Every structure is written in structure tokens, then in C-alpha cells.
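Me: I would like to learn how to read a protein structure, one feature at a time. Could you walk me through this one?

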Amino acid sequence: MAASAKNLANDDCTANGGWTVVLPRRGQQRRKAIKDGILEEKQEPWTPTDSQTDLSRETTLVQKMERCISRIGSSQFYHTFKDQIQTSVFYYFHRVLGSEMKMQMVMYGIGSIELYEPPRLQLSLAILMRRDFSWIGNIEVFDPILSVTESRVLEALGCSVLSINEHGRREALKPTMFFMPHCEAELYNNLLQANWKPSLLKNMVLFGNSFETYEQHVSVCKNTPILNSVGHILAVRRFTNEFRIKTISDDYYNAFHDSSWHFFSPVLETELQFINS
């Protein structure tokens, strides 16, 4: 995820405690329409840019993923992560599930699992969660940079690769976990905008960059380049229960630092209207 985004460094005002602002990638075909003064992307069909399969690459990548899943599954990091789900945040998961038996998982911006370790660690964590928690359902994955090899390996690991670039605008019509560590601010903002109703926000769980950190960053950096990409992130803060995770070890810092669970609980439609004014 971090590998698939453009990190912009600024000596004065890009980081807060080692946190790096993640901005949109160059060259994206996006922002096709304007609504209420907000540029929007249209969903569009997607296929990998390469077309050739390579069995040796697939075998090597499957082996890398198996080692990664085994390593993180036996780590103190995962033990602590799983314990947090089972204790301090379990109530919030249960509230989102309601009477449903399963919560689907959607992974946006996974990055290249073949080229970089952080995406492999992030995918391994998602797969371990599905293994260890019976209420987690199917995993859907998307990143426009995925290769044919990566797509085939994802499917071999039991994930579904989306054939549509949703630009993060999936409506949570049923309980849905959006697994998005180290994605672009714009992608979180798109997701919130698409679900800007109490009836949809209550169905969402978001695992990704700390919204509290975004808020702190904007309060300190008045002219930050992400300012136009965080309107919904800042607006939802007062309805958000956020729980940071502990990376425990430097081995998992690059993949998960400053990541949090986010749960949303607006009560009235009128509480959400001001963002569109």
C-alpha cells in the first residue's frame, strides 16, 4: 500500500511523529465529473496491464506469502493485534455486525505484493484475520497496479480481485470492513463521501491511517497539500471511535505504523449535512 502511493516529503510540515503524508499518484485517469463542487471519479472496468502468466513467478510469490503468513501469525505483534479485536474493540465489531453473521472485507490500495514486503505483511494480516475470526467473510482486493501474477496468487490465497476500479466509492450496504493501511487520504475521503449517511456509516469498519493524525497534521500545517482531500475525514472525526494498534516490533513498523481501527456512529442525517454546504 505504501509502496503504491506517492510519499511527499516536506522539511517543515509533512510529518507528525514519523507520519508521512500520502498523496495521490501521478498519471491516474480519474476525476471525471463534478458534483457539489467536489471532483469525483467514475467507476471503470479494469484488467492487469500485463497479459502473460508466469508459473515460476506465481510459485515463488505463493512461497513468499506462505512464509510471511507463518511469520506474522506466530509473532507477538499478531498476538497483540488479535487480543485487541477480542477485547477492547469487540463491542464495536459486534455493533456493526448487528444480526448479520458475516462481515465482508474490502482491501483497497494493496500495492505490489510481489515487489514489496509491507503489502505482503498487510495481506498476510487480512488472511490471518479471516482464518481466526469466523465472522469475517470474503476478501475482495483491488489496486490498479496489480499484475496478472499477483492477481492469480491472490485468488489462490482465497481472495477475489475486483474487475472494476471503484476509486474507493463502495457503499456499505451490509457490514463491511475496509482494510486500507497506508492508503492515500483521497481514497479514505472517497469512501466516506460515498457512505455519507448514518445508515451506511454504521455498517463500516475502517482499518487504515489514523484520522486523529490527519486532524493534528491539518491543524499544524494550514497550507498542507492534503487539505482538499480530507474534508470528510475531518468532518467524521466527531462521530468516530478510533483505536490505534501497537506495532510492537520494528519488523512490522513500515507496514502498520500509525494504523487505527475506526468505527462511525452519527445519529441524524442533519449531523452530516454541513459537509456539503
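This is a predicted model: local features need pLDDT of at least 70, side-chain atom pairs count only at pLDDT 80 or more; totals for chains, interfaces and linings use all residues.

Me: What percentage of the residues count as buried?

Reply: Buried means under 20% relative accessible area, exposed means over 50%, and partly exposed lies in between (1.4 Å probe, protein chains only). By that rule, 53% of the 277 residues of the protein chain are buried.

Me: How many helices and strands are there?

Reply: Helices (H or I, at least four residues) and strands (E, at least two) are DSSP runs, numbered from the N terminus. The protein chain has 10 helices and 13 strands.

Me: How do I read a pair of helices, and at what angle do helix 2 and helix 4 cross?

Reply: Two packed helices are described by the angle between their axes and the distance between the axes. Axes are lines fitted to C-alpha atoms, for helices over the stretch in contact, and angles run from 0 to 180 degrees between N-to-C directions. The axes of helix 2 (residues 76-86) and helix 4 (residues 117-132) cross at roughly 50 degrees and come within 12 Å. Contact means heavy atoms within 4.5 Å; among the residues making it are Phe-77 and Phe-81 of helix 2, and Leu-125 and Leu-128 of helix 4.

Me: Is Thr-149 buried or exposed?

Reply: Thr-149, in helix 5 (residues 148-156), is buried, at a relative accessible area of 0%. Leaving out residues up to four places away in sequence, Thr-149 touches Asp-54, Arg-57, Glu-58, Leu-61 and Glu-114.

Me: And where does Asn-241 lie?

Reply: Asn-241 is in strand 12 (residues 240-244) and is partly exposed, with a relative accessible area of 24%. Beyond its neighbours within four places in sequence, the contacts of Asn-241 include Tyr-92, Trp-261 and Ser-265. Asn-241 and Ser-265 are 24 residues apart in sequence, and 8.1 Å apart in space, C-alpha to C-alpha.

Note on methods
Residues are numbered from 1 along each chain as its sequence is written. Side-chain values use heavy atoms; hydrogens and water are left out.
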